[in-house]
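Please have the model open while reading.

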Amino acid sequence: TCPLPQSLDILDQSQIAYPSHLKDITYHKAIIALVKFAQKHRPIDKVIRAPHEHVEAVYDQMQKGLSTLPAWTVVFNSPFSEQHFEKTDEELLEMAKKVMTEINIPLPSHEIQIKKWRFSRTKNPSNEKFFQAMQT
């Protein structure tokens, strides 16, 4: 799904009208560590909520049925993500490894990727379920 700010840019470029208050909806940023394991790892529940002061959740992608290979997604919380979003991937990788060690996530011998999401969760969501754009 395309985040709302990107969708609004497309509508603007296409000269398609939409409710102006949609531009007031803002988003939290998120830093994500995608962890791929070279070998089997201990299974966890599909999700572990807030296992660390900087982590919103850890998701086991294999348990959720989203990966055939052992893989976890570590989602850092909004305050941490906002504070560190402009750091380099290398700096974030070191920070992620430290946090993962603190919450007993085995560091993989295969791969850790850092992802930065500018549009994670809405800070001020709309109460309306959908909007209909009108071509001008």
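Glu102 is partly exposed, with a relative accessibility of 43%, where buried means under 20% relative accessible area, exposed over 50%, and partly exposed in between (1.4 Å probe, protein chains only). The model is predicted, so that local features need pLDDT of at least 70 and side-chain atom pairs count only at pLDDT 80 or more, whereas totals for chains, interfaces and linings use all residues. Residues are numbered from 1 along each chain as its sequence is written, and side-chain values use heavy atoms, with hydrogens and water left out.

**Within one helix**
- Glu102 and Lys98 form a salt bridge at 2.6 Å, N to O, the term meaning a side-chain nitrogen of Lys or Arg within 4 Å of a carboxyl oxygen of Asp or Glu.
- Because the two residues are four apart in helix H3 (residues 89-102), about one helical turn separates Glu102 from Lys98; helices (H or I, at least four residues) and strands (E, at least two) are DSSP runs, numbered from the N terminus.
- Lys98 is exposed, at 54% relative accessibility.

**Between separate elements**
- Glu56 and Arg121 are joined by a salt bridge of 2.7 Å, N to O.
- Glu56 belongs to strand E4 (residues 55-60) and Arg121 to the loop between strand E6 (111-117) and strand E7 (134-135), so this pair ties together parts that are 65 residues apart in sequence.
- Glu56 is partly exposed at 25% relative accessibility, and Arg121 is partly exposed at 38%.

**Whole structure**
- A search of the whole structure finds five salt bridges.
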